[in-house]
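Subject: Structure for your files

Dear colleague,

Here is the structure we talked about handing over. Please have it open while you read the notes below it.

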Amino acid sequence: MRIIESDVVVVGAGPSGLTAARELRKAGHSVTVLEARDRVGGRTHTDVIDGAVLELGGQWVSPDQEALIGLLKELGLETYSRYREGESVYIGADGKAVRYTGEMFPVSRRTSAEMTRLIDELDRLAAQMDPKAPWEHPQARELDTVSFHSWLRQQSDDEEACNNIGLFIAGGMLTKPAHAFSTLQAVLMAASAGSFSNLVDEDFILDKRVVGGMQSVSERIAAELGDCVVLNSPVRTLRWSESQDGTTTVTAISESVTVNARYAVMAVPPNLYSRVSYEPPLPRRQHQMHQHQSLGLVIKVHAVYETPFWREDGLSGTGFSAGSIVQEVYDNTNHEDSRGTLVAFISDEKADAMFELSVEDRRRQILESIAGFLGPKALEPEAYYESDWGSEEWTRGAYAASYDLGGLHRYAKHQLTPVGPIYWSSSDLAAEGYQHVDGAVRMGQLTARNITTALQKQRALIG
Ligand SMILES: Cc1cc2nc3c(=O)[nH]c(=O)nc-3n(C[C@H](O)[C@H](O)[C@H](O)COP(=O)(O)OP(=O)(O)OC[C@H]3O[C@@H](n4cnc5c(N)ncnc54)[C@H](O)[C@@H]3O)c2cc1C
């Protein structure tokens, strides 16, 4: 067993843990990062499958994501814009594909007015929220005890408007059915992106991609950190102590490595906290809170074609439908690639239904659904792949964790409270950039600042 002495041990080499490690190193502290997988990047993974470069996990960057944009610059990584010329396609309740341009779906005048009204109301609620303290929203308890599904129907009797607005948060972001999370959680999702209007504007929220792939953020940081990043080392135990004078110790034990440190950063999604044994155990509040945070489920489908054929038909590749198997589809062609790539998403209960099918039937039904937006040429891709994060042991869902009904106002104010020397850092705990790589980076930076302050205090104590 290798034994390493470090000021800080970081559990998890995703963007949050690696950012924390990088900042701690910059502040002059020694760091070891232990990663369960055989690669860095966590929920960002850029891979070559059947000759096609695919973004299996997180990929898009929006203009408000200043922490990530700043980090990309520091790391010398460039971005490019998502292809968005031409018409989009909407499939409404009648199942017909309708081409449109602009931000509003081609729905009836009444449904359009209702959607605008609901967006305005969600913008108003989001403007009242500090994403750092959603529990302080003036209607926190009221909004946290009603599901987003029911709240939408309290506001409007237009089912198509409710389904479309529901889609932006439920299928589109939290990847849970709208009956499974609260309206406060939906408002937090909006507030963390600046407004609900930003979330529904795909030109904003899905603005840019990283040349070379989003995983290169983690790969570049890991290259800077060198031997300090240890792969294939799932941490099984955190043994910690805190003495009365405030000095702390923590030992992180994986199968191959033991790290003795002053502080630990748990940079894993909250649904995985209980994979680690804590000695002594965590306090009651953490035990309870962690049982109310769970990941959603989404299948991210990649289909690669000889050319981006939809562009010749005057289509952008963008399609939306609350009722179809595929709820969203986009042109995801790589930078300077002559081939055309589509990415499509199938969320929560529809994903459940797809996973009931055989591999062949699932592929056929998904491609038929994409063809419903973009025509029959979509049926025959050169490469096809389904990202299934729900079956990855070290993630177990996608995109990120959210609270169940009532959990956000009840628990979230304690989610960043350290336990002795153990700090929590994850995109799933972020305010701005919540559930996104930007939030992971912000949390890594914040955690590194907090630990640096704590280390300085300890050093002053020790003398
Ligand atoms: C399909 C998909 C699409 C997405 N799309 C976008 C997008 O377009 N834009 C965007 O900004 N975000 C997107 N996201 C979200 C984004 O990828 C995450 O928010 C981000 O990766 C979270 O970073 P993190 O460091 O907090 O956690 P993670 O990336 O999950 O990293 C945690 C790391 O901890 C490791 N780990 C877990 N348990 C242990 C243990 N016991 N010991 C050691 N290591 C452990 C894991 O292996 C992992 O490497 C998407 C995510 C998915 C899955």
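This is a predicted model: local features need pLDDT of at least 70, side-chain atom pairs count only at pLDDT 80 or more; totals for chains, interfaces and linings use all residues.

Ligand shell. There are 41 residues around the ligand, and those that come nearest are Gly-12, Gly-14, Ser-16, Gly-42 and Gly-58. Two or more residues of the shell come from each of α1 (15–26) and α16 (437–462). By class, the shell holds 20 nonpolar, 15 polar and 6 charged residues. Domain 1 (2–44 + 214–282 + 419–462) and domain 2 (45–62 + 79–103 + 201–211 + 297–398) each supply at least three residues to the shell.

Annotation. The unreviewed UniProt entry places the feature "domain: Amine oxidase" at residues 16–451.

Sheet. Seven strands form an open sheet with mixed pairing, in the order β9-β8-β19-β20-β21-β18-β22. The edge strands β9 (97–100) and β22 (383–387) have a single partner each, so one side of each lacks a neighbour in the sheet. On average, neighbouring strands of this sheet are turned by 20° against each other, direction ignored. Within it, β18 (residues 298–305) and β21 (residues 340–347) run antiparallel and are joined by 8 bridges. Val-304 stands opposite Thr-341 in β21.

Helix α7. Gly-194, which follows α7, has a positive phi near 100°.

Regards

Conventions. Residues are numbered from 1 along each chain as its sequence is written. Helices (H or I, at least four residues) and strands (E, at least two) are DSSP runs, numbered from the N terminus. A residue is near a molecule or strand if its C-beta atom, placed from the backbone, lies within 6 Å of it. Ala, Val, Leu, Ile, Met, Phe, Trp, Tyr, Cys and Pro count as nonpolar, Asp, Glu, Lys and Arg as charged, and the others, Gly among them, as polar. Domain bounds come from an automatic or database domain assignment. UniProt positions are given in the numbering used here, feature names are shortened, and annotations may be inferred rather than shown by experiment. Two strands pair if DSSP finds at least two bridges between them. Axes are lines fitted to C-alpha atoms, for helices over the stretch in contact, and angles run from 0 to 180 degrees between N-to-C directions.
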